[in-house]
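Subject: Structure for you to look at

Hello,

Here is the structure I said I would pass on. Please open it beside this message and follow along.

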Amino acid sequence: MSLSTTTAAPAISFTSDNIAGASPTIIEAVAAAAGGSAPPYGADDSTVAVKHKLSRIFEREVDVLLVSTGSAANALCLATLTPPWGSVLCHSDSHINNDECGAPEFFTAGAKLVPMSGNDAKIDPTQLRKAVNRKVGDVHSVQPATLSITQATESGSVYTLDEIHELTRIARAADMRVHMDGARFANAVVSLGCTPAEMTWRAGVDALSLGATKNGAMTADVIVMFDQTSADEAAYRHKRAGQLASKMRFQAAQIVAYLEDDLWLRNARHANMMASRLAQGLNHTPGVGVLGTPQANIVFCQLPPQLINGLLARGYTFYHDRWEPGTTRFVTSFATTTEEIDGLLSSIRRLAG
């Protein structure tokens, strides 16, 4: 991955939504949680409130486990759903396949990730139909056990509800479980205009890694278990992985504030709007090609080397050349401003001549 910085000007970063701070409301909630005392290990009122709020949002009883990172959420979900001799079918561009240093394999005690292809970082249903039947019953081979899909995807695309249903039907017919990596779940919800329930358990999803850190929280993500038969196992794995924090109230306070008054959706909607504003501007810039149709808060485009170097010299930071020469990624967040987008576009137009 090529990530360049410069000291020529104050850096304005579009590397990731992880670079943004936290929503003021969430900061205030953490500060409020610091006063007084509360029962430890998730027995506090705020942790209980998270479960109630998410059960209401998902329109059914759910079990929730708070974690400090999205990698922990993904790895523990997959470990709960997948036996050590099983395989996890995922897209080759997925975060679990590329960016988690083997955590899924470690926490599953050796289950194998089987990467698949498909346009826009979405799994191709035709490939999935073949993969779910590959060497089933063969004791010499890992057995297809879990399907993992990412919503929104690493390319900024979003699975439609029909696409999710198609994939989960294939997995269900093969007696497989389904995990959703929802690091940018809120961005996908507002993009589709659907309910969280429609995009998850009603579409056949068993477990969700619900991201919050990229969208306004500090160090808090959530495992949401829709299959309650797996809830006890998930809880033991949660503790064994060192994710059952003694002062859980500080993570819970973040998630309560994140969910109240639809802050999570408002933050995501703003991030998506900033990406759309950027994509529209890039589409009207000669010599710049937007790749695909951005549906969340990620924009991929093709930039000539001199333009990339010119932006770096002006203090912008972003990922480029990771995928192929000239391919550049810009990520917006809840904290991105219209002035920052317009300033970036103005710089690109000047450099493009």
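Strand β8 (residues 207–210) is joined to β9 by four bridges, and the two run antiparallel. Here a strand is a DSSP run of E with at least two residues, a helix is a run of H or I with at least four, and both are numbered from the N terminus. Two strands pair if DSSP finds at least two bridges between them. In this pairing Leu208 stands opposite Val224 in β9. Strand β3 (residues 63–67) also runs antiparallel to β9, with five bridges, and Asp63 stands opposite Met225.

This is a predicted model: local features need pLDDT of at least 70 and side-chain atom pairs count only at pLDDT 80 or more, while totals for chains, interfaces and linings use all residues. Residues are numbered from 1 along each chain as its sequence is written, and side-chain values use heavy atoms, with hydrogens and water left out.

Next, the core. A nonpolar core is a set of buried Ala, Val, Leu, Ile, Met, Phe, Trp, Tyr and Cys residues joined through side-chain atoms within 4.5 Å. The largest one has 58 residues, and Val224 is among those that touch the most other members, as are Leu54, Phe58, Leu128, Leu147 and Phe185. Helix α11 (residues 249–259) gives the most to this core, seven residues. A second, separate core has 22 residues, including Met274 and Phe318.

Last, the pockets. A pocket is an open set of points on a 1 Å grid over the protein atoms alone, where a 1.4 Å probe fits and protein lies on both sides within 12 Å along at least five of seven lines; lining residues have an atom within 4 Å of a point. The largest pocket holds about 1,100 Å³ of space, a volume being the space filled by probe spheres set on the points, which are joined across faces, edges and corners. Its lining has 49 residues, with Asp93, Glu154, Ser155, Ile298 and Arg329 nearest the centre. Helix α3 supplies the largest share of that lining, four residues. The second largest pocket has a volume of about 210 Å³ and is lined by 13 residues.

Regards

Conventions. Buried < 20%, exposed > 50% of the residue type's maximum accessible area, 1.4 Å probe, protein only.
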